[in-house]
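This briefing sets out computed structural features of one protein model, grouped by topic. Please consult the sequence and the coordinates alongside the text.

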Amino acid sequence: MEIPHNKLIGELIAEVENSYRVEDTILYALSLGFGADPTDKKQLKYVYEDGLESLPSLALVLGYPGFWMKDPKYGFDWAKVLHAEETLQIHKPLPVEGTVVGRTTVDHIVDRGAEKGVFVYVKKDLIDKPSGDTLATVISNSLARGDGGFDGPTEARPRFANVPEREADVVCDLPTLPQAALVYRLCGDMNPLHADPDVASGAGFERPILHGRCTLGVALHAIIKGACDYQASQISDLQVRFSAPFLPGETLRTEMWREGTEVFFRASCLERSIVVLNNGRVTLKR
């Protein structure tokens, strides 16, 4: 039985128990370009088991409920769904291996109208199974472009902060591999939009696009390099808006503005001169 969109708020999407290994932690870092210079010991600690450290954004993929909007019971035109925004709060450092539970619920819905689609906010609490501690909270906003106009809630969430109107303090360019989306899929997001050329074409793209969370991960790689000297544990929370698709094989240019413990950022595709991530902010520990 299909669940009406305006009845989704509070719906438990999934409780996913996820046991992960050191190898999974390494694969995630490799998918974001860490280890591109195998002699750089600052990068090596994220891709080598001797002294391995986890990346805070690993919380985005652990306990992931999968592409739940493809399930017919939710009634979404899934091929027209795009990732719109992401918020991550780290409560405790993520172990490099272990067992976690991702509890995902629909947190909020914004009906933008028949021609504009619907924003669907889902909240995932990532819980360490042995201790019961909440390690991280992720709020993801997806735009279902083909599903608006059902007289649902219209109250929008607060807008994200704008980046400063001055020259960036740091600029970091990171290339991505043509097969980047195919590698990142192994971290748990198997949406065919990122692998199947026919699905991508049907959604209006020239070829499979890179996952929004992978694009964000590459930008975080740039921030960890450019603002944290590869000390990823300094990051306590982040927020970002996805403004345009990024293609595997392109170069991501991340601009950063440092203001106290906050790093505002924006990322663009160098080859096409188009902003793909905007209104970004990372908070660093004092």
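The model is predicted: local features need pLDDT of at least 70, side-chain atom pairs count only at pLDDT 80 or more, and totals for chains, interfaces and linings use all residues. Residues are numbered from 1 along each chain as its sequence is written, and side-chain values use heavy atoms, with hydrogens and water left out.

**Nonpolar cores**

- The largest nonpolar core has 58 residues, and those with the most contacts inside it are F34, L55 and V282. A nonpolar core is a set of buried Ala, Val, Leu, Ile, Met, Phe, Trp, Tyr and Cys residues joined through side-chain atoms within 4.5 Å.
- Helix α5 supplies the largest share of this core, with eight residues. Helices (H or I, at least four residues) and strands (E, at least two) are DSSP runs, numbered from the N terminus.
- Another core, of 16 residues, lies apart from the largest one, and its members include L8, W68, V120 and F150.
- L55 touches Y28, A29, L32, F34, Y46, I224 and A232, not counting residues up to four places away in sequence. Contact means heavy atoms within 4.5 Å.

**Helix α1**

- In helix α1, which spans residues 22-31, the buried residues are V22, T25, I26, Y28, A29 and S31. Buried means under 20% relative accessible area, exposed over 50%, and partly exposed in between (1.4 Å probe, protein chains only).
- The elements covering these buried residues include β1 (12-20), α3 (180-184) and α5 (212-226).

**R213 in helix α5**

- R213 is found in helix α5 and counts as buried because its relative accessibility is 12%.
- The side chains of R213 and E86 are joined by a polar contact of 2.7 Å. A polar contact is a pair of N or O atoms within 3.5 Å; within protein, one must be able to donate a hydrogen and the other to accept it, and residues adjacent in sequence count only if both atoms are side-chain atoms.
- Not counting residues up to four places away in sequence, R213 touches L60, Y64, H83, E86, S140, Y184, D189 and F242.

**Cysteines**

- A search of the whole structure finds zero disulfides, a disulfide being a pair of cysteine sulfur atoms within 2.5 Å.
- The closest cysteine sulfur to that of C228 is in C172, at 12 Å, which is too far for a bond. C228 counts as buried, at 3% relative accessibility.
- For C269, the closest cysteine sulfur is in C214, at 14 Å, again too far for a bond. C269 counts as buried, at 1% relative accessibility.

**Aromatic rings and charges**

- The structure holds six aromatic pairs. Rings of Phe, Tyr and Trp (its six-membered ring) pair if their centres lie within 6.5 Å; planes under 30 degrees apart count as stacked, over 60 as edge-to-face and the rest as tilted.
- The rings of W68 and Y74 form an edge-to-face pair because their planes are at 90°, with their centres 5.0 Å apart. W68 counts as buried at 11% relative accessibility, as does Y74 at 3%.
- One aromatic cluster is formed by F34, Y46 and Y230.
- K70 lies over the face of W78, at 4.6 Å from the ring centre. A charge sits over a ring if NZ of Lys or CZ of Arg is within 6 Å of the ring centre and within 35 degrees of the ring normal.
- The charged end of R241 sits over the ring of F160, 5.3 Å from its centre.

**Backbone and strand β10**

- Most residues other than glycine have a negative phi.
- S273, which is not a glycine, has a positive phi of about 50°. This residue is in the loop between β9 (262-269) and β10 (274-284), and S273 is exposed, with a relative accessible area of 67%.
- N279 also has a positive phi, near 55°, in a residue other than glycine. N279 is in strand β10 and counts as buried at 7% relative accessibility.
- N278 is found in strand β10 and is partly exposed, with a relative accessible area of 23%.
- Leaving aside neighbours within four places in sequence, N278 is in contact with V163, V240, R241, S243, F265 and R266.
- The C-alpha atoms of N278 and T261 are separated by 19 Å, and the two residues are 17 residues apart along the chain.
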